[in-house]
Amino acid sequence: MKGIRGLIAALVAGLVGAACNWIYLDQRSRDVVTIDFVGIKPDVSINSGERLTDNQIEAVAIPAQWAGNLKNYCYLYSERQAVVNMVVWRPQTGRTLLLQQDMRPPPPALDLKPGEALLWVPIDSKSFVPSLVVPGKDQVSFIFPAAPT
């Protein structure tokens, strides 16, 4: 009989401890200050060049103590009207934060003349610094002689 009493006492003490822990964590979580950022909803996919609509975004709450300088790179949810109807630079899929660099205009389309072709050339990153290239602004041109007839 002593063993069952001890087991019941331990079980009751464990339940009381769990309840006290739950109440403490619930009260502490109410004190957390959060900052809301603009995020893409989970079921949304936006292609490059499409306009962002209000029903494609949602608030993503991040605790202020962990947000750091994220305000410098992402849009605040309170500023969401500034990004609605803007053109998205690169494809966006759900569950991501909307970065400020994603809202710049896409590069202009290339107007190729008849007889011209676009050829992408791979660059070796050992002899070239790819981070210095600005897409849509920097370009390399090649001139090929006409084929002999």
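Two strands count as paired if DSSP finds at least two bridges between them, and strands themselves are DSSP runs of E with at least two residues, while helices are runs of H or I with at least four, both numbered from the N terminus. With that in hand, Gly 39 stands opposite Leu 97 in strand E5.

## About the model

This is a predicted model, where local features need pLDDT of at least 70 and side-chain atom pairs count only at pLDDT 80 or more, though totals for chains, interfaces and linings use all residues. Residues are numbered from 1 along each chain as its sequence is written, and side-chain values use heavy atoms, with hydrogens and water left out.

## Overall layout

The chain has three helices and five strands, and along the sequence they come in the order α-β-β-β-α-α-β-β. Its radius of gyration is 28 Å, well over the 15 Å that the globule rule gives for 149 residues, so the chain is more spread out than a compact globule. (That radius is taken over C-alpha atoms, and the rule is 2.2 Å times the number of residues to the power 0.38.)

Along the principal axes, the C-alpha atoms fill a box of roughly 105 × 40 × 30 Å. Of the 149 residues, 16% count as buried, meaning under 20% relative accessible area, with exposed over 50% and partly exposed in between (1.4 Å probe, protein chains only).

## Strand E1 and its partners

E1 covers residues 34-40 and is mostly tucked away: five of its seven residues are buried. It runs antiparallel to E3 (residues 57-63), joined by seven bridges, and here Ile 40 stands opposite Ile 57.

E1 also pairs with E5 (residues 96-97), again in the antiparallel sense, over two bridges.

## The largest pocket

The largest pocket has a volume of about 1,100 Å³. A pocket here is an open set of points on a 1 Å grid over the protein atoms alone, where a 1.4 Å probe fits, with protein on both sides within 12 Å along at least five of seven lines; lining residues have an atom within 4 Å of a point. The volume is the space filled by probe spheres set on the points.

Its lining has 26 residues, with Leu 118, Leu 119, Trp 120, Gln 139 and Val 140 nearest the centre. By type, the lining divides into 19 nonpolar, three polar and four charged.

Terms used. Nonpolar A, V, L, I, M, F, W, Y, C, P; charged D, E, K, R; others polar.
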